[in-house]
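Please read the points below with the sequence and the model side by side.

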Amino acid sequence: QSSVSINTFLLAEVGLAKNPEWGVGLMFGQKYNGIGWYVKGRSNFTFQEAGGYDINDYAAVPDSYRDSSSEWVIDAGLVFDFLGKITNKPKNTNLGIYVGAGYGARTRYLETLDYGWQKYMPNSYSGVSVDAGVIGSIYGLTLSVGVNTIGFKYMEIEMGVGYTF
């Protein structure tokens with residue numbers, strides 16, 4: 001007779017890029033005897049309205065007052081616990097990897113002198129979002145670190161802290 005070991009985890013996450021930019025969100029998932037699933041969402045909660053046209057050329061950077069970015073990603077994937085088969089480990093302790101995909105968008109805006117806020121398309125990306133990283137917990141305290149990319153053109157480091165129960 002075998003029993004199924006179920007672990008549920010919830011993490012608060014932050015994504016950081018060198019621009020400097022950031023986004024925050026949640027990661028939620030479950031593991032069944034060491035293999036499972038997760039879903040995550042993250043955003044910087046900046047919602048900028050743009051004017052009537054997009055700036056499409058690197059060379060056409062207008063005079064601008066300020067710049068801003070809007071970002072969000074939604075991913076889902078698989079979790080693998082390398083300690084899943086160990087029977088005498090402490091409760092809610094694991095170490096493994098996660099890998100997933102979804103959709104994401106990062107839009108750059110410039111506030112131009114003549115036309116107000118405009119989308120700056122050479123530095124805006126949307127499409128397939130892919131993430132991968134390491135996740136581990138000791139007695140329930142859970143940490144993760146990984147990387148996320150939107151269309152393999154924009155990348156952020158992700159870090160999370162939460163609890164596994």
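1. Two strands are said to pair if DSSP finds at least two bridges between them, where strands (E, at least two residues) are DSSP runs numbered from the N terminus. This is a predicted model, in which local features need pLDDT of at least 70 and side-chain atom pairs count only at pLDDT 80 or more, while totals for chains, interfaces and linings use all residues. Residues are numbered from 1 along each chain as its sequence is written, and side-chain values use heavy atoms, with hydrogens and water left out.

2. β2 pairs with β3 in the antiparallel sense over 9 bridges, and within this pairing Tyr32 stands opposite Ile35 in β3. The hairpin of β2 and β3 has 2 residues between the strands, and Asn33 takes a positive phi near 55° there. β3 is also joined by 9 bridges to β5 (residues 64-81), again running antiparallel, and Ile35 stands opposite Phe80 in β5.

3. β10 pairs with β9 (residues 141-150) in the antiparallel sense over 10 bridges, with Val145 opposite Met159 in β10. In the hairpin of these strands, which has 3 residues between them, Gly151 takes a positive phi near 60°. β1 (residues 6-17) is joined to β10 by 8 bridges, and these two run antiparallel; the bridge partner of Leu11 in β10 is Gly162.

4. In a regular strand the side chains alternate between the two faces of the sheet. In β10 the covered face consists of Tyr154, Glu156, Glu158, Gly160, Gly162 and Thr164, whereas the uncovered face has Met155, Ile157, Met159, Val161 and Tyr163.

5. Which residues make up the largest nonpolar core? Here a nonpolar core is a set of buried Ala, Val, Leu, Ile, Met, Phe, Trp, Tyr and Cys residues joined through side-chain atoms within 4.5 Å, and buried means under 20% relative accessible area (1.4 Å probe, protein chains only). The largest one has 7 residues, namely Phe9, Leu11, Met27, Tyr38, Val79, Tyr98 and Ile135. Apart from it lies another core of 5 residues, among them Ala17, Val73, Tyr125 and Ile150.

6. On the surface, a nonpolar patch with about 1,100 Å² of accessible area together includes Trp22, Phe47, Val145 and Met159; β2 (21-32), β6 (94-112) and β10 (154-164) each give two or more residues to this patch. Accessible areas come from the Shrake-Rupley method with a 1.4 Å probe, and for residues only the protein chains shown count as cover.

Notes
Patch = residues over 30% accessible without salt bridge, like charges linked within 9 Å, V, L, I, M, F, W, Y side chains within 5 Å. Salt bridge = Lys/Arg side-chain N within 4 Å of Asp/Glu carboxyl O. Helix = DSSP H or I, 4+ residues; strand = E, 2+ residues; numbered from the N terminus. Buried < 20%, exposed > 50% of the residue type's maximum accessible area, 1.4 Å probe, protein only.
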